[in-house]
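User: Please take a close look at one part of this model: the aromatic rings and the helix packing that goes with them. Keep it brisk.

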Amino acid sequence: MSEHLPTTNEQPLPDPSVTVELKTIVELCKARGIIFPTAEIYGGVRSTWDYGPLGVELKENVKRQWWRSMVQLRDEIVGMEQAILGPTEVWQASGHLANFADPLVECAKCHQRFREDHLREEQLGAEDAEGDLICPSCKADTLGDPRSFNLMFKTNMGPVETAGSTVWLRPETAQGMFVDFATIQRTTRRKPPFGIAQMGKSFRNEITPGNFVFRTREFEQMEMEYFVEPGTDEQWHQYWIDERLRWYVDLGIRPENLRIREHGEAELSHYAKRTVDIDYYFPDESMGWSELEGLANRTDFDLKAHQEASGQDLTYYDQPNDRRYHPYVIEPAAGATRATLAFLFDAYRVESAPDAKGELQERVVLKLDKRLAPYKVAVLPLSKKESLTPTAREVFDLVKVRWMSEYDETQSIGRRYRRQDEIGTPYCVTVDFDTLDDRAVTVRDRDTMQQDRVPIAALESYLAERLPVC
Ligand code: GAP
């Protein structure tokens, strides 16, 4: 693991002068069509968000990088995709129907509802601190007793609504890997240690969603269940903490903005022996250190629970030693939508740069890792003049085959550069009137703003040298 990565809860706060307000990110996302409220023309739906053309590219790139590091580059981890709708039996056996709940309090005066543990943390400094709470909305001391509120969404399958037709929207992707463990292990012939990975939507009826896409009721997870021999679980747990920290840093998150946090006894989920969170320091006053990913040692809880409930054998047969055992499970559980927000925060920079007249102007630039940038290349004809269009189109046709690219011919070139900086496009390729004579284009680098004149014939190899395979 890198020496710079913090591994204690006493990590000093990152530089307080580096602040980016959440509202700045929300405004940028809306202005550029990255992420915006669902059904906004009808007033929106609280806590659900749509990903526009750039947002979907960015989020899919985050997921792609996770899949690449977890599945593509490793031979002991395989992928899967489970259905989102699942029967009651799964969630009964997993313990979610009984335990997947948050403490809810309601104010007797204004009738607003809140998560009690969050109020304790905000008002008394810790989730389990003793003391009286006040309603954050109307400030009265009329909060009732906490009650357990189950976070699962329920619906019905089929035309007739009966007790037996109930199905649930999964609140985590993890259970797919346990329920399908035997089939996948048998068909892939993997031996512990081996993993099954899955990315996709999960749903939780959160009491207090908020902070943009940080906590929503519909979100995406990237989870991997790593099945190991009992007794080796603690060592594999540490291995995956280090690996996952490295993944965020490799994709551009500043190491000082990451820390790991150990769960206390009271905070541990019903299935966990030990859990460690990877927290990210969101440089907005209201967010600060917040969980990006949880890494749990789930022991053999899930496989045993599903074996007992289904009656199917979910042990692994260790042939050389002629014994059967339930593997222990180490689970790195990340949020794709939450990680997308962290990458946006960490990439956001305001710099000054000279304009065409040499005067310093403010430049907003998303210094996203090139692998995450929504568009890798923008092709910009200097003007809309028809004489430039065929060559500019020819250049676009050349680059779009290999890289997600954009063709943009509206507005002044300066404004188009600014827009591409704001959405994090690593390379702008400008086709100008000289191009018609010399068959060369100008390539501008997002970070250095340096410009190179490159023959069209050499453009593909020029970009390939600078854009990593992803
Ligand atoms: N299988 C274990 C599990 O689901 P979790 O800590 O509840 O663990 C894992 O969730 C990750 O999923 C979190 O670290 C977070 O990134 C993401 N996540 C959880 N709830 C979320 C929500 N309401 N909105 C957005 N992301 C969420």
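Analyst: Rings of Phe, Tyr and Trp (its six-membered ring) pair if their centres lie within 6.5 Å. By this rule there are 19 aromatic pairs. The model is predicted, so to speak by record: local features need pLDDT of at least 70, side-chain atom pairs count only at pLDDT 80 or more, and totals for chains, interfaces and linings use all residues. Residues are numbered from 1 along each chain as its sequence is written, and side-chain values use heavy atoms, with hydrogens and water left out.

Phe178, Phe181, Phe194 and Phe227 are linked into a cluster by ring pairs.

Charges meet rings too. A charge sits over a ring if NZ of Lys or CZ of Arg is within 6 Å of the ring centre and within 35 degrees of the ring normal. The charged end of arginine 298 lies over the ring of tyrosine 271, 3.5 Å from its centre. For arginine 338 the ring is that of phenylalanine 214, at 3.7 Å from the centre.

Now the helices, which are DSSP runs (H or I, at least four residues) numbered from the N terminus. Helix α2 (residues 53–72) packs on helix α8 (residues 233–250) at about 140 degrees, with axes 12 Å apart. Axes are lines fitted to C-alpha atoms over the stretch in contact, and angles run from 0 to 180 degrees between N-to-C directions. Angles under 35 degrees count as roughly parallel, over 145 as roughly antiparallel, 65 to 115 as roughly perpendicular and the rest as oblique. α2 and α8 are therefore oblique. Val62, Gln65, Trp66, Ser69 and Met70 in α2 meet Trp240, Arg244 and Trp247 in α8, where contact means heavy atoms within 4.5 Å.

Conventions
Phe/Tyr/Trp six-rings, centres within 6.5 Å; stacked < 30°, edge-to-face > 60°. Helix = DSSP H or I, 4+ residues; strand = E, 2+ residues; numbered from the N terminus.
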